[in-house]
Amino acid sequence: MEKILKILLVIAGILMAALGLRFMFTPTAMEADFGIIANRLDGLGNLRADLGGMFLGFSFFTIMAARRGKESWIVVPTIFMALILFG
């Protein structure tokens, strides 16, 4: 069971990394997927920095949590997701 959860963590981390990289390299394509619009060039920079960086950070901590003895690292993306949800 623990091995299955670690595999699921790695899969979730890879998917979040893919989202983060898509935000970094093609933010205009991601606007429609997330229902947001960047009106100016600096808005595209915000998409790259805020959402791309957020997803890449989530993926890093999620993949690190899949390592043996590092399970507590999953607390970081969990707290950030809660802050985003309730903030």
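Modeller: Happy to, and bear in mind that this is a predicted model. Let's start with Asp33, which is exposed, with a relative accessible area of 51%.

Biologist: Which side chain meets Asp33 in a salt bridge?

Modeller: Asp33 sits in helix α2 and its partner in helix α1, so the pair ties together parts that are eleven residues apart in sequence. The N to O distance is 3.7 Å, and the partner is Arg22.

Biologist: Lys6 forms a salt bridge too; how many residues apart in sequence are the parts that it ties together?

Modeller: Its partner is Glu71, with the closest N and O atoms 3.0 Å apart. Lys6 counts as buried at 18% relative accessibility, because the cut-off is under 20%, whereas Glu71 is partly exposed at 38%. Lys6 belongs to helix α1 and Glu71 to the loop between α3 and α4, so the parts tied together are 65 residues apart in sequence.

Biologist: Is Ser59 buried or exposed?

Modeller: Ser59 lies in helix α3. Leaving out residues up to four places away in sequence, Ser59 touches Gly13, Met16 and Ala17. With a relative accessibility of 5%, Ser59 itself counts as buried.

Biologist: And what accessible area do the residues of the nonpolar surface patch have together?

Modeller: One of its members is Ile7, a residue of helix α1. Ile7 is partly exposed, at 45% relative accessible area. Together with Met1, Ile4, Leu5, Leu8, Ile11 and Leu15, the accessible area comes to about 730 Å².

Terms used: Residues numbered from 1 in each chain as written. Predicted model: local features only at pLDDT ≥ 70, side-chain atom pairs only at ≥ 80, totals over all residues. Heavy atoms only, no water. Helix = DSSP H or I, 4+ residues; strand = E, 2+ residues; numbered from the N terminus. Buried < 20%, exposed > 50% of the residue type's maximum accessible area, 1.4 Å probe, protein only. Contact = heavy atoms within 4.5 Å. Patch = residues over 30% accessible without salt bridge, like charges linked within 9 Å, V, L, I, M, F, W, Y side chains within 5 Å. Areas by Shrake-Rupley, 256 points an atom, 1.4 Å probe, with all protein chains shown as cover. Salt bridge = Lys/Arg side-chain N within 4 Å of Asp/Glu carboxyl O.
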